[in-house]
Amino acid sequence: MDDYDSLLERARSQVPEDAFKKSGERFKVPDVQLMVQGNRSIWQNFQETINILNRPGKEVLKFVAGQLGTAGSMEGSNALFNGKFNVEQVSEVLNRYIEAYVICPVCTRPDTEIQKDSQAYYLVCSACGARTSIRPV
Ligand SMILES: [Zn+2]
């Protein structure tokens with residue numbers, strides 16, 4: 001009987017580490033469709049993007065505008081930013097948002113939601129159950 005623990009230990013050590021990892025499957029975020037009109041940049045598939053991210057548009061807009069150092073607003077399914085920006089700039093900021101506020105750092109899946117405590121924000125993952133402290137947007 002005294003061998004049971006060591007057997008178990010040996011069995012565990014033989015399972016490849018990958019078996020414990022989730023697939024890491026990423027969701028499909030649509031490419032940013034951006035149009036510059038006059039002195040404004042219009043993110044044309046903003047609504048579609050936030051639907052997939054499952055995040056409120058206001059929050060994403062605030063983050064993106066803040067990172068671009070400009071003001072933004074929503075108009076229909078578009079997001080508008082003052083100033084001329086290109087697709088690369090907006091995509092980079094969007095990726096930063098996804099890394100910080102959507103992807104679970106524990107299992108790297110996007111099945112998360114943001115919960116607010118009395119003072120703190122948490123990224124709560126429904127795939128692995130992790131609760132990660134995050135900075136407010
Ligand atoms: Zn997770």
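These questions and answers walk through a predicted model.

User: In what order do the strands of the open three-stranded sheet stand?
Analyst: The sheet has antiparallel pairing. Strands E5 (112-116) and E7 (131-134) each have a single partner strand, so one side of each is left without a neighbour in the sheet. Neighbouring strands are turned by 30° against each other on average, direction ignored. The order is E5-E6-E7.

User: How many bridges join E5 to E6?
Analyst: The two strands run antiparallel. A hairpin of four residues joins E5 to E6. Lys-116 stands opposite Tyr-121 in E6. The number of bridges is five.

User: Which residue in E7 is the bridge partner of Leu-123?
Analyst: E6 covers residues 121-125 and pairs with E7 in the antiparallel sense over four bridges. Val-124 stands opposite Arg-131 in E7. For Leu-123, the partner is Thr-132.

User: Which residue takes a positive phi in the hairpin of E6 and E7?
Analyst: This hairpin has five residues between the strands. The phi in question is near 85°. The residue is Gly-129.

User: How far apart are the end C-alpha atoms of helix H4?
Analyst: H4 spans residues 87-101, which is 15 residues.

User: Is Asn-54 buried, partly exposed or exposed?
Analyst: Asn-54 lies in the loop between helix H2 (46-53) and H3. Its phi is positive, about 60°, although Asn-54 is not a glycine. Asn-54 has 13 C-beta neighbours inside 10 Å. A buried residue needs 20 or more and an exposed one has 12 or fewer. Asn-54 therefore counts as partly exposed.

User: In which loop does Thr-108 lie?
Analyst: Thr-108 is a residue other than glycine with a positive phi, near 65°. Thr-108 is partly exposed, with 16 other C-beta atoms within 10 Å. Its loop is the one between H4 and E5.

User: Which strands stand at the edges of the open four-stranded sheet?
Analyst: The order is E1-E2-E4-E3, with antiparallel pairing. An edge strand has a single partner, so one side is left without a neighbour in the sheet. The edge strands are E1 and E3 (72-75).

User: Which residue in E4 stands opposite Arg-40?
Analyst: E4 covers residues 78-82. E2 and E4 pair in the antiparallel sense over four bridges. Opposite Arg-40 stands Asn-82.

User: What angle does the direction of H3 make with that of E3?
Analyst: H3 packs on this four-stranded sheet. There, H3 touches E3 and E4. The angle between the directions of H3 and E3 is about 145°.

Notes: Residues are numbered from 1 along each chain as its sequence is written. This is a predicted model: local features need pLDDT of at least 70, side-chain atom pairs count only at pLDDT 80 or more; totals for chains, interfaces and linings use all residues. Two strands pair if DSSP finds at least two bridges between them. Axes are lines fitted to C-alpha atoms, for helices over the stretch in contact, and angles run from 0 to 180 degrees between N-to-C directions. The expected span of a helix is 1.5 Å times one less than its number of residues. Two residues are in contact if their C-beta atoms, placed from the backbone, lie within 7 Å.
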